[in-house]
Amino acid sequence: MLIAFNKPFNVLCQFTDRSDPPRRTLAGFGLPPRVYAAGRLDYDSEGLLLLTDDGALANRLTDPRHKQPKTYWVQVEGTPTDEQLDALRRGVVLNDGPTRPAQVETLDPAPVLWPRDPPVRFRKTVPDAWLSMTITEGRNRQVRRMTAAVGLPTLRLVRTAMGDARLGDLAPGEWRPL
């Protein structure tokens, strides 16, 4: 079984949380029993999360050796320059080593998305822009660290695709079998 789920902002990619107070988890969305997240999506990120009951499939989807592409729409603070975009396309050096090159394009106009609660901070004097970014690794907070490394802090991050799976028109908190 493989499920596409639109993970809302500030939801953990697990079914339990031992924090005090507990944070929202996948348990509150009526998902089928015995499925688990194939990979991670940060608590403060949104979008496509794949869940499966097949451990071998989860491994194929998430192991970096398989180089499964993951596409994100990234709202960044600032106006990207050609030099910043080229640096992302070549790969940047992070504190845990160089990244693989990313596919990066500007999204103009900005994508139409659901409102986020709480909303992204807005500053009248600082422009923002949207990028489409595809990576083939899955390091901890990688997209956020890559954009920060080139001087474009991430404001909002939405995963739209993972391998052949697409988010499509799923609303936050909704899921469908693939």
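The model is predicted: local features need pLDDT of at least 70 and side-chain atom pairs count only at pLDDT 80 or more, while totals for chains, interfaces and linings use all residues. Residues are numbered from 1 along each chain as its sequence is written, and side-chain values use heavy atoms, with hydrogens and water left out. Helices (H or I, at least four residues) and strands (E, at least two) are DSSP runs, numbered from the N terminus.

**The largest pocket**

- A pocket here is an open set of points on a 1 Å grid over the protein atoms alone, where a 1.4 Å probe fits, with protein on both sides within 12 Å along at least five of seven lines.
- The largest pocket holds about 360 Å³ of space, a volume being the space filled by probe spheres set on the points, which are joined across faces, edges and corners.
- Its lining has 24 residues, and Arg 40, Tyr 72, Gly 138, Arg 139 and Arg 159 lie nearest the centre; a lining residue has an atom within 4 Å of a point.
- At least two lining residues come from each of α1 (55-62), β4 (70-77), α3 (142-149) and β9 (154-162), and β9 gives the largest share, three residues.
- By type, the lining of the largest pocket divides into eight nonpolar, eight polar and eight charged residues.
- In this count, Ala, Val, Leu, Ile, Met, Phe, Trp, Tyr, Cys and Pro are nonpolar, Asp, Glu, Lys and Arg are charged, and the others, Gly among them, are polar.

**The second largest pocket**

- About 200 Å³ of space lies in the second largest pocket.
- Its lining is made of 13 residues, with Trp 73, Thr 160, Ala 161, Arg 166 and Leu 167 nearest the centre.
- β4 and β9 each supply at least two residues of this lining.
- Here the lining divides into seven nonpolar residues, five polar and one charged.

- Two strands pair if DSSP finds at least two bridges between them.
- β1 (residues 2-7) runs antiparallel to β3 and is joined to it by six bridges, with Lys 7 standing opposite Gly 47.
- β2 (residues 36-37) is also paired with β3 in the antiparallel sense, over two bridges, and Tyr 36 stands opposite Thr 52.
- β3 and β9 run parallel and are joined by two bridges; the bridge partner of Glu 46 in β9 is Val 158.

**Strand β4 and its partners**

- Seven of the eight residues of β4 are buried, so the rest of the structure largely encloses this strand.
- Eight bridges pair β4 with β8 in the antiparallel sense, and Tyr 72 has Met 133 in β8 as its bridge partner.
- Seven bridges pair β4 with β9, again in the antiparallel sense, with Val 76 opposite Thr 154 in β9.

**Helix α2**

- Within α2 (residues 82-90), Gln 84, Leu 85, Ala 87 and Leu 88 are buried.
- These residues cover an arc of only 155 degrees around the axis, which puts them on the same side of α2; the arc is that of the directions from the helix axis to the C-beta atoms.
- Asp 82, Glu 83 and Arg 90 are exposed on the other side of α2.
- The cover over the buried residues of α2 includes β7 (103-106), β8 (128-135) and α3.
- Gly 91 follows α2 and has a positive phi, near 100 degrees.

- Thr 160 sits in strand β9 and counts as buried at 12% relative accessibility.
- Leaving aside its neighbours within four places in sequence, Thr 160 is in contact (heavy atoms within 4.5 Å) with Leu 48, Thr 71, Tyr 72, Trp 73, Ala 165, Arg 166 and Leu 167.
- Thr 160 and Ser 132 are 28 residues apart in sequence, and their C-alpha atoms are 9.3 Å apart in space.
- Gly 168 lies in the loop between β10 (165-166) and β11 (175-177) and, at 60% relative accessibility, counts as exposed.
- Gly 168 and Asn 6 are 162 residues apart in sequence and 9.4 Å apart in space, C-alpha to C-alpha.

Terms used. Buried < 20%, exposed > 50% of the residue type's maximum accessible area, 1.4 Å probe, protein only.
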